[in-house]
Amino acid sequence: MANNNIEELKKAALNKDYKAINNLIFPLHPSDIAKLFTSLEEEDSLLVFGLLTPEVASQVLLEVDEQTRERLISSISNAELTEIVEEMATDDAADVIAELPGEEARTVLEGIDKKGSAEVQKLLKYPEDTAGGIMQTELVMINEDATIQETIDEVRAKSDDIPNIHNVFIVDDRIKLVGICPLEKLILARPHLPVKDIMNNNPIKVLTDTDQEEVARIFKKYDIVTLPVVDKYERLVGRITIDDVMDVVEEEMLEDFYKMANLNTDE
């Protein structure tokens, strides 16, 4: 946002002109809205955040620093926070809930739908610097005996709820990962064929306890955009996407910088 628009936003916030604020904010990407908070007074930032839809607010919370996120969250009710968390992918929801005080975390977990709550609670059990800690449980999974057409139908059915579908994960009757099939290969195949005929039956995967730095190295080495995560029994439990890994890379770079400056991460 240009400086003159920032001044307009400050003026609109001062006058509590909600319509003008919405007109200025609506066209912006969530990451650009997050950057605005560095130019606004805290009171104005809270006002702007309070006018965002739950969907946009959920993305903005993920773009701001931890201190700003704490201030924004403290400015809204638990009911409003619950609506925002419900818009997040399970990995992001787990990250936000992990930062909440115990009672507030329980309230939000009880407020979101039962399935989402159960998935988030599973993720909260993993250390945050492991594959389990950064994965999300949203994915497209289908049995190896399904046809190409059935697999495509499953992708279509899940597309509204799962963003960035790049691959379909193929499992056996025990949910053991047996293969992976990229979408481009799927849509070019004959519909009546079984999906196991075209899948990669030796997929790259990681265990839930794999260190996040190793996960980042695997993404770079194999130039992939999605990585399946399995438990010790080889059962599929989640996926890691390239945007999750970029967050890890940024975090590791900051930690290296702190070490060079003889600072710890808290400082």
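In which loop is Asn164 found? In this predicted model, Asn164 belongs to the loop between α12 (148–158) and β2 (167–171). The backbone of Asn164 has a positive phi of about 55°, although the residue is not a glycine. Asn164 counts as partly exposed because its relative accessibility is 46%. A positive phi also occurs at Asp223, with a value of about 50°, and Asp223 is likewise not a glycine. Asp223 is placed in the loop between α14 and β5. With a relative accessibility of 69%, Asp223 counts as exposed, since the exposed class begins over 50%.

The protein chain contains 15 helices and six strands. Its C-alpha trace spans about 65 × 45 × 35 Å along the principal axes. Of the 267 residues in the chain, 42% count as buried.

The loop that holds Asp223 also contains Val225, which lies between α14 (212–222) and β5 (226–230). Val225 is partly exposed, at 36% relative accessibility. Together with Ile242 and Met246, Val225 forms a nonpolar patch on the surface. The accessible area of these three residues together is about 240 Å².

Helix packing was examined for α8 and α10. Two packed helices are described by the angle between their axes and the distance between the axes. For helix α8 (residues 90–98) and helix α10 (residues 114–124), the axes come within 9 Å and cross at roughly 65°. That angle makes α8 roughly perpendicular to α10, because the roughly perpendicular class runs from 65 to 115 degrees. The crossing of α8 past α10 is right-handed. Helix α8 is mostly covered, with seven of its nine residues buried. The buried positions in α8 are Thr90, Asp91, Asp92, Ala93, Ala94, Val96 and Ile97.

Glu99 is found in the loop between α8 and α9. A relative accessible area of 32% makes Glu99 partly exposed. The side chain of Glu99 meets that of Arg69 in a salt bridge, with an N to O distance of 2.9 Å. Arg69 is in helix α6 (residues 66–74) and Glu99 in the loop between α8 and α9 (102–111), so the pair ties together parts that are 30 residues apart in sequence. In contrast to the partly exposed Glu99, Arg69 counts as buried, at 11% relative accessibility. Glu99 is also 8.3 Å from Glu70, C-alpha to C-alpha, with the two residues 29 residues apart in sequence.

Twelve salt bridges are found in a search of the whole structure. One of them is formed by Lys10 and Glu7, whose closest N and O atoms are 3.7 Å apart. Both Lys10 and Glu7 lie in helix α1 (residues 3–14), at positions three residues apart, about one turn of the helix. An α-helix has 3.6 residues a turn, so residues three or four places apart point the same way. Lys10 is partly exposed at 29% relative accessibility, and Glu7 is partly exposed at 48%.

A further salt bridge joins the side chains of Glu214 and Arg217, at 3.0 Å from N to O. Glu214 and Arg217 are separated by about one helical turn, because they are three residues apart in helix α14. Glu214 has a relative accessible area of 31% and is therefore partly exposed. Arg217 also counts as partly exposed, with a relative accessibility of 48%.

Ser45 is buried because its relative accessible area is 5%, the limit for burial being under 20%. Between Ser45 and Arg71 the C-alpha to C-alpha distance is 9.5 Å, while their separation in sequence is 26 residues.

Key
Residues are numbered from 1 along each chain as its sequence is written. This is a predicted model: local features need pLDDT of at least 70, side-chain atom pairs count only at pLDDT 80 or more; totals for chains, interfaces and linings use all residues. Side-chain values use heavy atoms; hydrogens and water are left out. Patches are made of residues with over 30% relative accessible area and no salt bridge: like charges are joined within 9 Å, nonpolar side chains (Val, Leu, Ile, Met, Phe, Trp, Tyr) within 5 Å. Accessible areas come from the Shrake-Rupley method with a 1.4 Å probe; for residues, only the protein chains shown count as cover. A salt bridge is a side-chain nitrogen of Lys or Arg within 4 Å of a carboxyl oxygen of Asp or Glu. Helices (H or I, at least four residues) and strands (E, at least two) are DSSP runs, numbered from the N terminus. Buried means under 20% relative accessible area, exposed over 50%, partly exposed in between (1.4 Å probe, protein chains only). Axes are lines fitted to C-alpha atoms, for helices over the stretch in contact, and angles run from 0 to 180 degrees between N-to-C directions. Angles under 35 degrees count as roughly parallel, over 145 as roughly antiparallel, 65 to 115 as roughly perpendicular and the rest as oblique. A crossing is left-handed if the near helix is turned anticlockwise from the far one by less than a right angle, and right-handed if clockwise.
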